[in-house]
Amino acid sequence: QVQLVESGGGLVQPGGSLRLSCAASGIIFGIYVMGWYRQAPGKQRELVAAITTGGSTNYVDSVQGRFTISRDNAKNTVYLQMNNLKPEDTAVYYCNANRRTSGPTISYWGQGTQVTVSS
């Protein structure tokens, strides 16, 4: 059974920091591209950051320079370090594991963790 379990969300003041973690089980973690998505109320889910199996990263423009995605394949865990948080970062953050195959793309999601940035 595949599980992606996020943790580390919470309430933080503007300018503060949080570190999200996503622990994976039931998959061969190292062969999956890992991503963090977020969804704010009334908005579509968007990709925030992703990291490939080789460690290459990409970010949505709005978080570039403030967020850092990393992975520890030995711990089957992906992280999202979020610094200088802004109210517009408020959303439910979801972890995703994605792998392309010769057939359909395989994709798994976590249950989400709430991040609220407010004074």
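Is Tyr108 buried, exposed or partly exposed? In this predicted model, Tyr108 has a relative accessibility of 28% and therefore counts as partly exposed, since that class lies between the 20% limit for buried and the 50% limit for exposed.

A pair of aromatic rings is described by the distance of the centres and the angle of the planes. With centres required to lie within 6.5 Å, the model holds 2 aromatic pairs. One of them joins Tyr108 to Tyr32: the ring centres are 6.2 Å apart and the planes meet at 50°, so this pair is tilted. Tyr32 belongs to the loop between β3 (18-25) and β4 (33-39), while Tyr108 is part of strand β10 (residues 106-109), so their contact ties together parts that are 76 residues apart in sequence. Tyr32, for its part, counts as buried because its relative accessibility is 5%.

Strand β10 also takes part in the pair of Tyr37 and Trp109. Here the arrangement is edge-to-face, with 4.8 Å from centre to centre and 65° between the planes. Tyr37 sits in strand β4 and Trp109 in strand β10, so that this pair links distant parts of the chain, 72 residues apart. Tyr37 has a relative accessible area of 22% and is partly exposed; Trp109 is partly exposed too, at 37%.

The charged end of Arg19 lies over the ring of Tyr79, at 4.0 Å from the ring centre. Over the ring of Tyr94 you will find the charged end of Arg45, 3.8 Å from the centre.

Key:
Residues are numbered from 1 along each chain as its sequence is written. This is a predicted model: local features need pLDDT of at least 70, side-chain atom pairs count only at pLDDT 80 or more; totals for chains, interfaces and linings use all residues. Side-chain values use heavy atoms; hydrogens and water are left out. Rings of Phe, Tyr and Trp (its six-membered ring) pair if their centres lie within 6.5 Å; planes under 30 degrees apart count as stacked, over 60 as edge-to-face and the rest as tilted. Helices (H or I, at least four residues) and strands (E, at least two) are DSSP runs, numbered from the N terminus. Buried means under 20% relative accessible area, exposed over 50%, partly exposed in between (1.4 Å probe, protein chains only). A charge sits over a ring if NZ of Lys or CZ of Arg is within 6 Å of the ring centre and within 35 degrees of the ring normal.
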